[in-house]
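Welcome! Please take a moment with the sequence and the 3D view, and then read the notes below them.

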Amino acid sequence: MTRSDLPRAAALPHLRQARARKGDPVALPLTMASMFHLPGDPAGFDQYGRFDNPTWEAAEEALGLLEDAETLAFPSGMAAISAVLFSVVRTGDRILLPSDGYYTTRVLAERFLKPLGVTADLRPTADFLRGGFEGYRLVFVETPSNPGLDVCDIGAVAEAAHGVGALVVADNTTMTPFGQRPLDLGADIVVAADTKAPNGHSDALFGHVASRNPDLIAAARDWRKLAGGIPGPFEAWLVHRGLETLELRFDRMCGSADTIAPRLRDHPAVRSVRFPGLAGDPAHDLARAQMDRFGFLIGLTLASEAKAEAFIDACPLIQPATSFGGVHTSAERRARWGDAVDPGFVRLSVGCEPTEVLWDALEAALDRIV
Ligand SMILES: *Cc1c(COP(=O)(O)O)cnc(C)c1O
C-alpha cells in the first residue's frame with residue numbers, strides 16, 4: 001500500500017475508541033433489533049430496523065473511513081448497484097455500462113431498466129473513452145473489469161463525462177479502497193461488493209455505496225429505506241470484523257499475485273496471462289498510474305477446457321468456486337457461466353496462503369497438464 005493509505009489502515013482498528021465510555025466492550029456489539037425504545041419525539045434516535053441499525057452504522061463508519069466519503073451499507077454488491085441505478089436514473093435517460101464487466105449489472109439494466117424506458121449502451125472497458133459521453137446521464141466503469149482485467153482511465157472518463165453533464169459510477173470491487181481510490185480520481189460514486197475481499201472470509205454477502213455528493217447519498221439512502229433492501233446486522237458485524245484485517249490480507253494477496261503472475265506467464269502449460277502488474281500487459285501503464293496495487297486476480301489461459309479443469313482439480317490449494325477475495329486461493333473457468341472468454345480461461349483469486357507454498361502447489365498442478 002502507498003503512504004497516503006497508512007493513516008486509514010492505522011486508524012481503522014481504533015475508530016470506536018473515540019466514542020467509547022468506560023466499561024464498553026472493545027469489540028463491536030451485534031445489535032439484533034427491529035424495535036428501539038422510543039418514547040416521545042423520535043427525531044435523532046434509532047427508530048426502526050429498516051431505517052437504522054447501530055451495527056450497520058459501525059460498518060458504514062469503517063467503510064467511510066476507507067473511502068474518505070459518506071458510505072451506505074447494502075445486503076449485497078448488486079443491492080448497492082441497484083440502489084444507485086434506481087435512485088439516479090429516470091425514464092428517457094441513457095446510461096453506459098462496460099460490455100466486459102460483472103454480467104449481472106448488464107442483465108439488471110436489460111431486464112428492469114429497459115422496460116422503464118432507460119437505454120443501456122455497452123462499451124468495452126479498454127475502449128471506454130472512445131466515442132465520448134454526450135447524451136449519457138450516467139456512465140458506469142468497472143476497472144479492472146471482472147473477469148477480463150482490462151482497465152480504463154477513471155480520471156479521463158470523469159473529466160469527459162462531467163464535461164457533458166454525466167455522473168460517473170465506479171465499481172471498485174476488484175481493487176478495494178486499499179488498491180484504488182475512484183473518488184479521488186474524479187468518480188462521483190463508488191459501488192462495491194464487500195462480499196469479496198473486504199469481508200474476505202466467504203461467509204457473508206454485503207455491499208456499499210460511497211459518495212462525497214450529499215444529494216446522491218440521500219437519494220440512495222431513501223431508496224434503501226423505501227425499497228427495503230437493508231443489510232442484516234450479523235452480516236454487517238462480520239464485514240466490520242473482516243475490514244479490520246483487510247489491509248493485511250490485501251497486502252499479502254497482492255504481493256503474492258505480483259510474485260506469481262510472471263512465473264505463471266513463463267510456465268510452458270500457460271498460453272497467456274492477464275495481470276495489470278505485468279510489464280507488457282495491455283493494462284499495465286494505466287494500472288501503474290491510477291492503482292495503488294495491481295490486485296490479487298490473475299487471468300490465465302490454458303490450452304483447453306479440459307486442461308483448465310484438470311489444473312484446478314490438481315491443485316490442493318485452489319478452492320474450486322465462483323466469487324473471489326477469500327483468504328483461500330480460489331479459481332474457476334469463467335466460460336462455464338457464459339462469459340465471452342476462451343474455454344481455457346481461468347480466473348485465479350490469490351489468497352493469503354504463504355506465497356512460496358502457494359506457488360509450489362500451482363506449479364506442480366501446471367506441471368501435470370503440460
Ligand atoms: C461480485 C461482484 C458484484 C456483485 O456482488 P454481490 O455481493 O454478489 O451482489 C458486483 N460487481 C463486481 C465487479 C463483482 O465482482
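The notes that follow cover the ligand, then a few residues elsewhere in the chain.

This is a predicted model, in which local features need pLDDT of at least 70, side-chain atom pairs count only at pLDDT 80 or more, and totals for chains, interfaces and linings use all residues. Residues are numbered from 1 along each chain as its sequence is written, and side-chain values use heavy atoms, with hydrogens and water left out.

**Around the ligand**

- The ligand is surrounded by 14 residues, and the closest are Gly77, Met78, Asp171, Thr195 and Lys196; a residue is near a molecule if one of its heavy atoms lies within 4 Å of it.
- Six residues of this shell are nonpolar, five are polar and three are charged. Here Ala, Val, Leu, Ile, Met, Phe, Trp, Tyr, Cys and Pro count as nonpolar, Asp, Glu, Lys and Arg as charged, and the others, Gly among them, as polar.
- Helix H3 (residues 77–88) supplies the largest share of the shell, three residues. Helices (H or I, at least four residues) and strands (E, at least two) are DSSP runs, numbered from the N terminus.

**Polar atoms facing the ligand**

- A polar backbone atom of Gly77 is 2.8 Å from an oxygen atom of the ligand.
- For Met78, a backbone N or O atom lies 2.8 Å from a ligand oxygen atom.
- Asn146 takes part through its side chain, where an N or O atom is 3.1 Å from an oxygen atom of the ligand.
- The ligand taken alone exposes 390 Å², and the protein buries 93% of that. Accessible areas come from the Shrake-Rupley method with a 1.4 Å probe; for residues, only the protein chains shown count as cover.

**Residues in loops**

- Where is Arg181 found? Arg181 is in the loop between strand E5 (167–171) and helix H6 (182–185).
- Arg181 counts as buried because its relative accessible area is 9%; buried means under 20%, exposed over 50%, and partly exposed in between (1.4 Å probe, protein chains only).
- The side chain of Arg181 reaches the backbone oxygen of Leu66 at 2.8 Å.
- Met32 has its place in the loop between helix H1 (6–11) and helix H2 (54–67), and it counts as exposed because its relative accessibility is 60%.
- Gly277 sits in the loop between strand E8 (270–274) and helix H10 (284–290). Gly277 is partly exposed, with a relative accessible area of 23%.
- The C-alpha atoms of Gly277 and Gly338 are separated by 26 Å, and these residues are 61 residues apart along the chain.

Methods:
A polar contact is a pair of N or O atoms within 3.5 Å; within protein, one must be able to donate a hydrogen and the other to accept it, and residues adjacent in sequence count only if both atoms are side-chain atoms.
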